[in-house]
Amino acid sequence: MYMSEKIINVGEAIHDALVEEMRRDPSVIILGESIQRATSFGITRGLLTEFGYNRVWDTPIAENAIAGLALGAALTGLRPVPIIMIGDFLPYAMEIICNEIAKYRYMFGGNFKVPITIRVGAQGAGAGLAAQHSQCLEAWFIHVPGLKVVYASTPYDAKGLLKASIRDDNPVLFFEHKLLGSITGTVPTEDYTVPIGVADVKREGEDLTIVAWAFMMHKALNAATELEKEGISVEVVDPRTLYPIDKETILQSVKKTGRLIIAEEAPKTGSIGAEISAMVNEEGFDYLDAPIMRVAAPHTPIPYSAALEKLWIPNVEDIINMAKKIVT
Amino acid sequence: MAQENIEKDILIKMYKLMVTSRFWDNNIDDMHAKKQMIGMSPHSGQGQEAIGVGGCLTLKEEDYMVPSHRGCAHAITKGLSLRKLTAEYLGKATGVSKGKGGAHICDPTHNILGVSGIIGGALLIATGVGWSIKIRKTKQVVMDFFGDGMAGQASFYPALNLSAAWKLPIIWMCENNRVQQFTHFEDVMGMKNIAEMGKPFGMPSIIVDGNDVMAVYNAAQNAVNRARNGEGPSLIECKTYRWRPHYEGAPETRTIEELLEMKKKCPIKKLRAYIIQNKVITEKEAIKIDENVMLEIKDAAKFALESPWPKPEELFEDVYV
Ligand SMILES: Cc1ncc(C[n+]2csc(CCOP(=O)(O)OP(=O)(O)O)c2C)c(N)n1
Ligand SMILES: [Mg+2]
């Protein structure tokens with residue numbers, strides 16, 4: 001399909017997407033905490049050298065300022081990519097994101113465009129970083145009209161979706177998971193985008209659909225491999241965009257398999273899984289041969305101790321057990 | 001830096017506590033490197049010990065302290081046991097928070113509130129503590145430790161404003177090491193000194209050499225006295241240096257020359273020279289203190305390593321009362 005391809009990891013994919021979009025469009029600027037002199041996750045390396053201080057800004061530790069700066073810039077002709085270093089710091093920016101960025105177009109009658117891509121780095125548990133550096137907060141944002149929410153699981157999707165997000169004239173939250181960085185895959189060397197709002201079937205199967213995204217998607221694939229050995233054929237659907245979600249692909253899959261599990265790394269209550277489940281219930285009830293089930297985290301903050309953290313994180317085993325329960 | 005007003009036993013305590021903080025820090029970095037400690041890389045406080053020690057030595061047991069994420073000198077000085085501290089870093093059941101918080105330590109038995117992993121909220125929590133002291137009329141004070149980076153966060157202004165407006169018994173202790181992760185102070189801060197920020201609110205705001213524990217102690221003592229007498233908050237900006245990278249294993253953005261220059265201003269060496277010269281203790285006695293501290297730290301490490309992991313049921317405990 002593409003002229004040439006290369007193998008890179010998710011971190012490199014995001015880095016490459018930023019570089020290519022900044023080269024393509026001089027109105028793209030990035031800003032965030034500690035992105036000039038060095039970075040924790042390496043994603044912004046080399047950007048200062050190539051694009052200079054006027055397009056790569058270090059900010060104080062002030063996430064609401066990061067979001068506010070981005071909105072002011074977006075309203076006046078720039079295309080900012082504000083970076084929130086770790087997902088758990090988003091609440092500090094919540095006021096600007098949810099009350100200003102999300103509402104600016106609608107409340108002012110379509111008079112403005114808000115082309116902002118908020119890159120949310122390093123979500124997720126598994127690194128022993130305790131309750132305030134490990135959460136996956138994407139569910140908080142699908143509830144806010146005016147925002148798009150994207151969460152990729154592979155280098156191909158990450159690069160293509162970040163490019164699409166930056167080119168989109170709407171505010172997009174682009175989430176990243178801290179354990180995804182080193183996951184590798186092929187990407188084309190030429191320019192491409194992955195459309196926002198389109199899911200991808202990562203594995204085809206007959207007996208059960210598992211919807212999972214980000215790091216959980218890989219656990220779902222591992223579970224599918226194991227379940228195959230026991231004669232259960234699993235289809236894995238990666239929504240890639242959580243709002244607007246690709247209902248059609250999910251419903252088609254459920255129509256084929258008759259069973260649905262949604263797996264995610266966040267507490268079950270008020271989750272994305274709850275939303276998908278309700279949607280399938282409303283629009284695909286007749287396809288179902290079993291109740292929709294969810295694999296999610298317990299309703300507790302994330303504990304520090306390695307002994308407890310591993311119990312908190314929904315894992316491959318949990319998915320396998322749930323699958324066996326509903327495929328009989 | 002003649003400090004005749006500081007009693008001999010306080011000087012000896014200062015020395016012992018700074019050495020404890022330094023050695024403990026060194027040891028936890030070691031345990032992390034050896035993977036005896038699994039989890040968040042320690043945010044070393046080496047080089048900044050004089051601030052936590054000098055500040056907390058002016059507090060009474062019943063006074064509150066809100067610690068920062070940088071090092072443990074403040075918590076160790078306020079009374080947190082080395083065993084409970086080390087076990088918490090290792091995620092063990094015997095840790096001060098049963099292994100649930102790791103580096104986010106606390107110790108309610110010594111009125112040490114929690115270290116937050118979020119840069120910002122602590123300033124407002126400390127404001128609330130000061131407000132509560134005023135409402136409860138208890139004559140306590142609260143000392144809040146924060147980095148220069150926190151002064152760029154949205155919570156800084158309301159914290160200063162409210163503490164001044166309501167004359168709350170708060171000591172704002174800023175540890176200005178001029179770095180905020182990989183960002184340097186001058187990259188993002190509009191003021192020259194953090195201390196300037198207290199002035200519009202009419203609170204005493206001073207700059208001290210944060211590597212001179214006696215200077216920190218004296219400044220803190222004045223501020224504590226004022227707070228206890230109902231005269232309101234003070235802001236103390238302690239100029240200091242972070243010796244290690246932001247966290248162990250993080251990239252370093254300063255030059256080797258700068259780092260070497262900083263180490264010449266070691267707060268422990270400075271106090272040690274002073275107390276030996278002024279015959280507070282002999283060199284031999286200082287060495288004895290060092291050795292005893294080392295034994296305490298080894299004991300704490302052994303205790304933590306041999307402690308059990310939290311039981312699985314613990315995952316579901318403490319979400320609600
Ligand atoms: C809200 C929030 N944003 C970002 C971070 C990441 N972070 C942790 S410590 C730190 C730097 C803090 O600098 P400073 O307050 O000067 O303290 P220092 O580390 O220098 O002691 C940053 C950016 C965080 N923990 N919380
Ligand atoms: Mg600092």
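**Figure 1. Arg79(A) is a buried residue of chain A, with a relative accessible area of 15%.** This view, like those that follow, is taken from a predicted model. Arg79(A) belongs to strand E4, which spans residues 79-84 of chain A. Residues within four places in sequence aside, the contacts of Arg79(A) include Asp25(A), Ser27(A), Val28(A) and Ile29(A).

**Figure 2. Thr154(A) occupies the loop between strand E6 (148-151) and helix H7 (155-167) of chain A.** The relative accessible area of Thr154(A) is 16%, under the 20% limit, and the residue therefore counts as buried. A polar atom of the Thr154(A) side chain lies 3.1 Å from the backbone nitrogen of Asp157(A). Beyond its neighbours within four places in sequence, Thr154(A) is in contact with Val10(A), Lys202(A), Met217(A) and His218(A).

**Figure 3. The domain assignment divides chain A into domain 1 (5-188) and domain 2 (200-326).** The centres of domain 1 and domain 2 of chain A, taken over C-alpha atoms, are separated by 26 Å. To the contact between them, domain 1 of chain A gives 28 residues and domain 2 of chain A gives 25 residues.

**Figure 4. The largest nonpolar core contains 86 residues.** Ile97(A), Ile101(A), Phe141(A) and Val280(A) are the members that touch the most others in this core. Helix H1 (residues 10-24) of chain A supplies the largest share, 7 residues. Because domain 1 (5-188) and domain 2 (200-326) of chain A both give residues to this core, it lies between them. Around Phe141(A), with neighbours within four places in sequence left aside, the contacts are Leu90(A), Met94(A), Ile97(A), Cys98(A), Leu147(A), Val149(A), Leu173(A) and Phe175(A). A second, separate core has 70 residues, among them Ile51(B), Met65(B), Leu85(B) and Ala286(B).

**Figure 5. A cis peptide bond joins Tyr243(A) and Pro244(A).** The omega angle of this bond is about -5°. Pro244(A) is placed in the loop between strand E12 (241-243) and helix H9 (247-257) of chain A.

**Figure 6. The site of ligand 1 is shared between chains, because residues from chains A and B surround the ligand.** There are 22 residues around ligand 1, of which Glu63(A), His69(B), Arg70(B), Gly117(B) and Gly149(B) come nearest. From chain A, a polar side-chain atom of Glu33(A) lies 3.5 Å from a nitrogen atom of ligand 1. From chain B, an N or O atom in the side chain of Arg70(B) is 2.7 Å from an oxygen atom of the ligand. A backbone N or O atom of Gly117(B) is placed 2.7 Å from a nitrogen atom of ligand 1. On its own, ligand 1 has 580 Å² of accessible area, and the protein covers 97% of it.

**Figure 7. Tyr241(B) lies in the loop between strand E7 (234-239) and helix H9 (256-263) of chain B.** With a relative accessibility of 26%, Tyr241(B) counts as partly exposed. The side chains of Tyr241(B) and Lys265(B) are joined by a polar contact of 3.1 Å. Lys265(B) is one of the contacts of Tyr241(B) beyond four places in sequence; the others are Gln46(B), Gly47(B), Gln48(B), Asn177(B), Asn211(B) and Met262(B). Tyr241(B) and Val179(B) are 62 residues apart in sequence, while their C-alpha atoms are 8.5 Å apart in space.

**Figure 8. Leu57(B) is found between helix H2 (49-56) and strand E1 (64-66) of chain B, in the loop that links them.** Leu57(B) is buried, at a relative accessible area of 16%. Residues up to four places away in sequence not counted, Leu57(B) touches Ile10(B), Lys13(B), Met14(B), Leu17(B), Thr77(B) and Tyr217(B). Lys13(B) and Leu57(B) are 44 residues apart in sequence and 8.6 Å apart from C-alpha to C-alpha.

**Figure 9. Lys98(B) has a positive phi, near 60°, in a residue other than glycine.** Lys98(B) lies in the loop between helix H4 (82-89) and helix H5 (121-136) of chain B, and counts as partly exposed at 32% relative accessibility. Gln181(B), which is not a glycine, also has a positive phi of about 60°. The loop that holds Gln181(B) runs between strand E4 (179-180) and strand E5 (183-184) of chain B. Gln181(B) counts as buried, at 13% relative accessibility.

Terms used
Residues are numbered from 1 along each chain as its sequence is written. Chains are lettered from A and ligands numbered from 1 in the order in which they are written. This is a predicted model: local features need pLDDT of at least 70, side-chain atom pairs count only at pLDDT 80 or more; totals for chains, interfaces and linings use all residues. Side-chain values use heavy atoms; hydrogens and water are left out. A nonpolar core is a set of buried Ala, Val, Leu, Ile, Met, Phe, Trp, Tyr and Cys residues joined through side-chain atoms within 4.5 Å. Buried means under 20% relative accessible area, exposed over 50%, partly exposed in between (1.4 Å probe, protein chains only). Helices (H or I, at least four residues) and strands (E, at least two) are DSSP runs, numbered from the N terminus. Domain bounds come from an automatic or database domain assignment. Contact means heavy atoms within 4.5 Å. A polar contact is a pair of N or O atoms within 3.5 Å; within protein, one must be able to donate a hydrogen and the other to accept it, and residues adjacent in sequence count only if both atoms are side-chain atoms. A residue is near a molecule or strand if one of its heavy atoms lies within 4 Å of it. Accessible areas come from the Shrake-Rupley method with a 1.4 Å probe; for residues, only the protein chains shown count as cover.
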